[in-house]
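Dear colleague,

Please find below the structure I am handing over, followed by an account of what was found in it.

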Amino acid sequence: MTAPRWIIHLPTTLTSLDEVTALAVALRDSLGHLAVVDFGETTLSEEDAQFLRTRVFCDGLLGDAGRCRRRDAHDGPCAAVFGTDVEVSACCGHPDVAQPVPIRE
């Protein structure tokens, strides 16, 4: 029998889906080297509606190449490389939360 996996619920002070999606992408980009974190299963929800979740990443199987790292409901084929779905600030190297982040609602 496999031991149950644990989930970290990480509340934020962000108030828009675009902003919190950009934060999820930034966390994946900066902590993606940690094998103990499964970013492919990342979902988002409003504070008072945690039972309604929005999936962030595709996470489709790519055989020997691992899993798709593109956003959920992306156009085109799956890919194991980072996509360009989120604008990145040149000065800071993190997603610019002022820019729209396309995701499926």
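**Surface patch and core**

Leu-31, Leu-34, Val-36 and Val-37 form a nonpolar surface patch of about 330 Å². Such a patch joins nonpolar side chains (Val, Leu, Ile, Met, Phe, Trp, Tyr) within 5 Å, from residues with over 30% relative accessible area and no salt bridge, the latter being a side-chain nitrogen of Lys or Arg within 4 Å of a carboxyl oxygen of Asp or Glu. Areas follow the Shrake-Rupley method with a 1.4 Å probe, and for residues only the protein chains shown count as cover.

This is a predicted model, in which local features need pLDDT of at least 70 and side-chain atom pairs pLDDT 80 or more, while totals for chains, interfaces and linings use all residues. Residues are numbered from 1 along each chain as its sequence is written, and side-chain values use heavy atoms, without hydrogens and water.

Val-36 lies in the loop between helix H1 (17-31) and strand E1 (43-46); helices (H or I, at least four residues) and strands (E, at least two) are DSSP runs numbered from the N terminus. Val-36 counts as exposed because its relative accessibility is 78%, where exposed means over 50%, buried under 20% and partly exposed in between.

The largest nonpolar core comprises Val-20, Ala-24, Val-25, Phe-39, Leu-44, Val-56 and Phe-57, H1 giving the most with 3 residues. A core is a set of buried Ala, Val, Leu, Ile, Met, Phe, Trp, Tyr and Cys residues joined through side-chain atoms within 4.5 Å.

Leu-52, in strand E2 (residues 49-55), is exposed at 52%.

With kind regards

Key
Patches are made of residues with over 30% relative accessible area and no salt bridge: like charges are joined within 9 Å, nonpolar side chains (Val, Leu, Ile, Met, Phe, Trp, Tyr) within 5 Å. Buried means under 20% relative accessible area, exposed over 50%, partly exposed in between (1.4 Å probe, protein chains only).
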